[in-house]
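These notes are meant to be read beside the coordinates, point by point. Please keep the sequence and the structure open while going through them.

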Amino acid sequence: CLLECKWRCFFMNNFIYYDYASSSVCKVQEDQADFVKASNIPSYLNQLCLENGSSLQGRKDAYKYIMHQSKFIPIRIHSSLIYFPTKAVADPECIWINYYSIDYVNYRKKSCTIFFLDHTALHCANSKRIKHILQSIGQYVQRF
């Protein structure tokens, strides 16, 4: 199991965001950034969802139904990949964080720092929102 986790973590992106300059999704891990051509984040996520058996809308609807949540919906791509937004999806500065790449979070009053398994970190605003999303995902994961 430990070997599987290490292998999975090795290929795992910490987060993704849309790079408007290159019209690509930027996948970030450690100090590396890989770019994938996509018209936007939702189309990229939809492609990943479809490759794993459902559409992006189907994944959103399922999460909303199960968790009774209507904003900042995480997207479960498969059993070891869940992305969640840090801001409103329409916000051009929205970053989608991979839940399974998180080691721990240091919360402050109005912000937080997310530390990843690869020993990198990302500073985020609105620590209450991030904390709520992470708790919600934790409850969701426990159900499955």
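1. Helix 4, residues 127-143, has 17 residues and reaches 25 Å from its first C-alpha to its last, close to the 24 Å expected at 1.5 Å a residue. The model is a predicted one, and the values below are to be read with that in mind.

2. The buried residues of helix 4 are S127, I130, I133, L134, S136, I137, G138 and Y140. The cover over these buried residues includes helix 3 (56-67), strand 4 (75-78), strand 5 (81-85), strand 7, strand 8 and strand 9 (121-125).

3. Which residues does S136 touch, once residues up to four places away in sequence are not counted? They are Y63, M67 and Q69. S136 itself belongs to helix 4, and with a relative accessible area of 5% it falls under the 20% limit and therefore counts as buried.

4. Strand 1 (residues 15-19) has 4 of its 5 residues buried, so it is largely enclosed by the rest of the structure. It runs antiparallel to strand 2 (residues 24-29), to which 5 bridges join it, and it also pairs in the antiparallel sense with strand 6 (residues 95-98), over 3 bridges. For Y17, the bridge partner in strand 6 is I95.

5. The hairpin of strand 1 and strand 2 has 4 residues between the strands, and S23 takes a positive phi there, near 50 degrees. S23 is a residue other than glycine, it is placed in the loop between the two strands, and its relative accessible area of 38% makes it partly exposed. A second case is F72, which is not a glycine either and has a positive phi of about 55 degrees. F72 is found in the loop between helix 3 and strand 4, and at 23% relative accessibility it counts as partly exposed.

6. Which way do the side chains of strand 6 point? I95 and I97 point one way, W96 and N98 point the other way, and all are buried. In a regular strand the side chains alternate between the two faces of the sheet. Strand 6 also pairs with strand 5 in the antiparallel sense, over 3 bridges, and here Y83 stands opposite N98.

7. The count of aromatic pairs comes to 5. In one of them, the rings of F15 and F116 have their centres 6.1 Å apart and their planes at 35 degrees, so the pair is tilted. F15 lies in strand 1 and F116 in strand 8 (residues 111-116), so the pair ties together parts that are 101 residues apart in sequence. Both partners are buried, F15 with a relative accessible area of 10% and F116 with one of 1%.

8. Y104 and F115 form an aromatic pair that is stacked, with 4.6 Å from centre to centre and 15 degrees between the planes. Y104 lies in strand 7 (residues 102-107) and F115 in strand 8, so this pair ties together parts that are 11 residues apart in sequence. Y104 is partly exposed, with a relative accessible area of 43%, and F115 counts as partly exposed as well, at 23% relative accessibility. A further ring to inspect is that of Y107, over which the charged end of K131 sits, 5.1 Å from the ring centre.

9. Which residues have the most contacts inside the largest nonpolar core? That core has 39 residues, and the ones in question are L45, I97 and I114. Leaving aside its neighbours within four places in sequence, I114 is in contact with I97, I102, Y104, V105, T120, A121, L122, C124 and I130. Several of these names have come up above: I97 is one of the buried residues of strand 6, I130 is among the buried residues of helix 4, and Y104 is the partner of F115 in the stacked pair.

Conventions: Residues are numbered from 1 along each chain as its sequence is written. This is a predicted model: local features need pLDDT of at least 70, side-chain atom pairs count only at pLDDT 80 or more; totals for chains, interfaces and linings use all residues. Side-chain values use heavy atoms; hydrogens and water are left out. Buried means under 20% relative accessible area, exposed over 50%, partly exposed in between (1.4 Å probe, protein chains only). Two strands pair if DSSP finds at least two bridges between them. Rings of Phe, Tyr and Trp (its six-membered ring) pair if their centres lie within 6.5 Å; planes under 30 degrees apart count as stacked, over 60 as edge-to-face and the rest as tilted. A charge sits over a ring if NZ of Lys or CZ of Arg is within 6 Å of the ring centre and within 35 degrees of the ring normal. A nonpolar core is a set of buried Ala, Val, Leu, Ile, Met, Phe, Trp, Tyr and Cys residues joined through side-chain atoms within 4.5 Å. Contact means heavy atoms within 4.5 Å. The expected span of a helix is 1.5 Å times one less than its number of residues.
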